[in-house]
Amino acid sequence: MLNKITNNLPITDSTSENNKPTPITCEYCRKERPLLFKDIPLKGKRWVNAACPCIEVRENEFLEKQVQEEAYRKIRQFLRLSSSIEELRDYNFNNLKVRSGMETAYKKVQQFVEHFEDNGKLGLLIFGESGNGKTHLTASGANELLKRGYSIIFLTEKDLLSRLKETNNFNNEERFFEIMNACVHADLLVWDDFLSSQRLSQNEKDLIFQIVNGRERANKPIWFTSNLAEEEFIKSKYAKVLDDKGRTWSRVVGNTIPVFNKASDYRKLRAIARLNNQSIEELDKETI
């Protein structure tokens, strides 16, 4: 409709540059449309009622809205693939309790949120004891990026592999490629419980490599969380679990900043605090 209006430039009968006709009022902004004295093929010099400048503004706004709608569509599509999305929506920096030992990880996630565009494919590998806040921390950062219009997928490793396995079992190629494409092209992939599956089939190893390698090529980051101990990470104990040649592990550590979350297991800490009739804060300081 807007293109039709833009191209519909009424030509007047006035052939004299000094005989300027009465301008037409724009039906949208109610202002007078500009008049141009132009040489029209087969007609000669004529006054032409040009399109109102507001039309270009309206078209640009329409195009911007279309781009925005497409971005929101992708965000909704990617969120639909995320694990436990309803629970994760409630995680944010305001309700995150920064406990002793997780200060470095907390600051690093905030930095990566603030400089997301500048980081390119550089992601995070936050590792440490189970239950020490890694998921809450990365979900808080992911939710902040969602507010800023980025597309995010948050998947646990077991959920990711089970979904891909399910598509293979039912020979659903369309669903398989939907998941793989989303994992590769979302602005951020949060990979929770990385290396929790220590007995991987060759097919699972290949799929993990395709996602990690695909995101490296697409210049997209991954935020990993893992229950690896500090010694296990330093010795790369599980590198060969991913593939015999260590290709996947090489890409993971090469494209991430490793951060050791020293905080202890909050659930275990809470149980001990109840047992000893202590506050969690007091007990938390004793464990560091």
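Guide: What follows goes from strands to helices and then to rings. This is a predicted model, in which local features need pLDDT of at least 70, side-chain atom pairs count only at pLDDT 80 or more, and totals for chains, interfaces and linings use all residues. Residues are numbered from 1 along each chain as its sequence is written, and side-chain values use heavy atoms, with hydrogens and water left out.

Visitor: Which order do the strands of the open sheet have?

Guide: Helices (H or I, at least four residues) and strands (E, at least two) are DSSP runs, numbered from the N terminus, and two strands pair if DSSP finds at least two bridges between them. Here five strands form an open sheet in the order β4-β5-β6-β3-β7, with parallel pairing. Its edges are β4 (152–156) and β7 (256–260), each of which pairs on one side only. Within this sheet, neighbouring strands are turned by 15 degrees against each other on average, direction ignored. Between β4 and β5 (residues 188–192), which run parallel, there are five bridges, and T156 has D192 in β5 as its bridge partner.

Visitor: In which sense do β1 and β2 pair?

Guide: Strand β1 (residues 35–40) and strand β2 (residues 44–49) pair in the antiparallel sense, over six bridges, and the partner of D39 in β2 is K45. The two strands form a hairpin with three residues between them, and L42 in the turn has a positive phi of about 70 degrees.

Visitor: How should I read the packing of helices?

Guide: Two packed helices are described by the angle between their axes and the distance between the axes. Axes are lines fitted to C-alpha atoms, for helices over the stretch in contact, and angles run from 0 to 180 degrees between N-to-C directions. Helix α8 (residues 173–185) packs with α9 at an angle of about 40 degrees, the axes being 8 Å apart. The two are therefore oblique to each other; angles under 35 degrees count as roughly parallel, over 145 as roughly antiparallel, 65 to 115 as roughly perpendicular and the rest as oblique.

Visitor: Which residues of α8 and α9 meet?

Guide: From α8, F176, M180, C183, V184 and H185 meet L207, Q210, I211, G214 and R215 in α9, where contact means heavy atoms within 4.5 Å. These residues divide into six nonpolar, three polar and one charged (Ala, Val, Leu, Ile, Met, Phe, Trp, Tyr, Cys and Pro count as nonpolar, Asp, Glu, Lys and Arg as charged, and the others, Gly among them, as polar). Helix α9 (residues 202–217) also lies across β5 and β6 (222–226), running at about 145 degrees to β5.

Visitor: At what angle do α4 and α6 cross?

Guide: The axes of helix α4 (residues 103–114) and helix α6 (residues 134–147) cross at roughly 20 degrees and come within 10 Å, which makes α4 roughly parallel to α6. Their contact is made by A105, Y106, V109 and V113 of α4 with L137, G141, E144 and L145 of α6.

Visitor: And how are aromatic rings read?

Guide: A pair of aromatic rings is described by the distance of the centres and the angle of the planes. Rings of Phe, Tyr and Trp (its six-membered ring) pair if their centres lie within 6.5 Å; planes under 30 degrees apart count as stacked, over 60 as edge-to-face and the rest as tilted. The whole structure holds 10 aromatic pairs. The rings of F127 and F233 have centres 4.7 Å apart and planes at 25 degrees, so this pair is stacked. It links distant parts of the chain, with F127 in strand β3 (residues 123–127) and F233 in helix α10 (residues 230–234), 106 residues apart.
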